[in-house]
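Here is a short briefing on one protein model. Keep the sequence and the 3D view open as you read.

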Amino acid sequence: MFKPERILVPTDFSDHDGEGSILAVKQAFGIASQYKSEVILLHVLTEDIYRKPLFFLDDDKIEELKEKVAANAKEELDRIIADHANGYDISVKTKIRYGVAYDEILKEEKESAIDLIAISSRGQSLLHEFFYGSTTERVVRRATCSVLVVRKIIDR
């Protein structure tokens, strides 16, 4: 029987009418509660800041901006735990990584010996997915552990 010890939940903080990464968080918390698993909430900060026209900022200001973005992400991760972990007797850790989302998710899978990745079928940017492909798709294809793709169930 499959009993995941560690569940990785990548989140971009999206909640598109119940279809975003928050739905994957809720599913993972339920599974973790059932199997006494540890949950790792992961947020990946992309290097987009270097691609923006920030020529008016020096290196120190850009570093300060990156630190503020990371602090905001940490606050969002803590808010998710506060809002959704109530009633569950589970261990939840938070991690922030920098880079390309699917690469960092897969690196975290290896480094933390993840048994299950719970990921939403939809993220923040549908336009980005259209042009560059889905992070979820890439994770499903390349992960070495089981992947639960969470989507909103639509009444038919």
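**Briefing: a sheet and its helices**

Just after H1, Lys36 takes a positive phi of about 60°. The model is predicted. Its average pLDDT is 86, and 81% of the residues score at least 70.

**Confidence**

- Strand S1, residues 6-10, has the highest mean pLDDT among the elements, at 98.
- Helix H4, residues 126-132, has the lowest, at 48.

**The sheet**

- Five strands form an open sheet: the 5 strands run in the order S3-S2-S1-S4-S5, with parallel pairing.
- S3 and S5 are the edge strands, and each pairs on one side only.
- From one strand to the next, the twist averages 25°.
- H1 packs on this sheet and touches S1, S2, S3, S4 and S5. The direction of H1 makes about 170° with that of S1.
- S2 and S3 are joined by 8 bridges in the parallel sense. Ile40 has Lys93 in S3 as its bridge partner.

**Strand S1**

- S1 is largely enclosed by the rest of the structure, because 4 of its 5 residues are buried.
- S1 pairs with S2 in the parallel sense over 5 bridges. Val9 has Leu41 in S2 as its bridge partner.
- S1 also pairs with S4, again in the parallel sense, over 2 bridges. Here Ile7 stands opposite Leu116 in S4.
- In a regular strand, side chains alternate between the two faces of the sheet.

**Helix H1**

- H1 covers residues 21-35, which makes 15 residues. Its first and last C-alpha atoms are 21 Å apart, close to the 21 Å expected at 1.5 Å a residue.
- Which residues of H1 are buried? They are Ser21, Ile22, Leu23, Ala24, Val25, Ala28, Phe29, Ile31 and Ala32.
- The cover over these buried residues of H1 includes strands S1, S2 (38-45), S3 (91-98), S4 (116-120) and S5 (146-150). Helix H2 (59-84) is also part of that cover.

**Helix H2**

- H2 has 26 residues. It reaches 37 Å from first C-alpha to last, close to the 38 Å expected at 1.5 Å a residue.
- The buried residues of H2 are Ile62, Lys66, Ala70, Ala73, Leu77 and Ile80. A lysine, Lys66, is on that list.
- An α-helix has 3.6 residues a turn, so residues three or four places apart point the same way.
- What do the buried residues of H2 pack against? They pack against H1, S2 and S3.

**Thr11**

- Thr11 sits in the loop between S1 and H1.
- Is Thr11 buried or exposed? Its relative accessible area is 4%, and buried means under 20%, so Thr11 is buried.
- The Thr11 side chain reaches the backbone nitrogen of Phe13 at 3.0 Å.
- Leaving aside neighbours within four places in sequence, Thr11 is in contact with Ser21, Ile22, Leu42, His43, Leu77 and Ile80.
- Ser21 and Ile22 are among the buried residues of H1. Leu77 and Ile80 are among the buried residues of H2.

Notes
Residues are numbered from 1 along each chain as its sequence is written. This is a predicted model: local features need pLDDT of at least 70, side-chain atom pairs count only at pLDDT 80 or more; totals for chains, interfaces and linings use all residues. Side-chain values use heavy atoms; hydrogens and water are left out. pLDDT is the predictor's confidence in each residue, from 0 to 100. The expected span of a helix is 1.5 Å times one less than its number of residues. Buried means under 20% relative accessible area, exposed over 50%, partly exposed in between (1.4 Å probe, protein chains only). Contact means heavy atoms within 4.5 Å. Two strands pair if DSSP finds at least two bridges between them. Axes are lines fitted to C-alpha atoms, for helices over the stretch in contact, and angles run from 0 to 180 degrees between N-to-C directions. A polar contact is a pair of N or O atoms within 3.5 Å; within protein, one must be able to donate a hydrogen and the other to accept it, and residues adjacent in sequence count only if both atoms are side-chain atoms.
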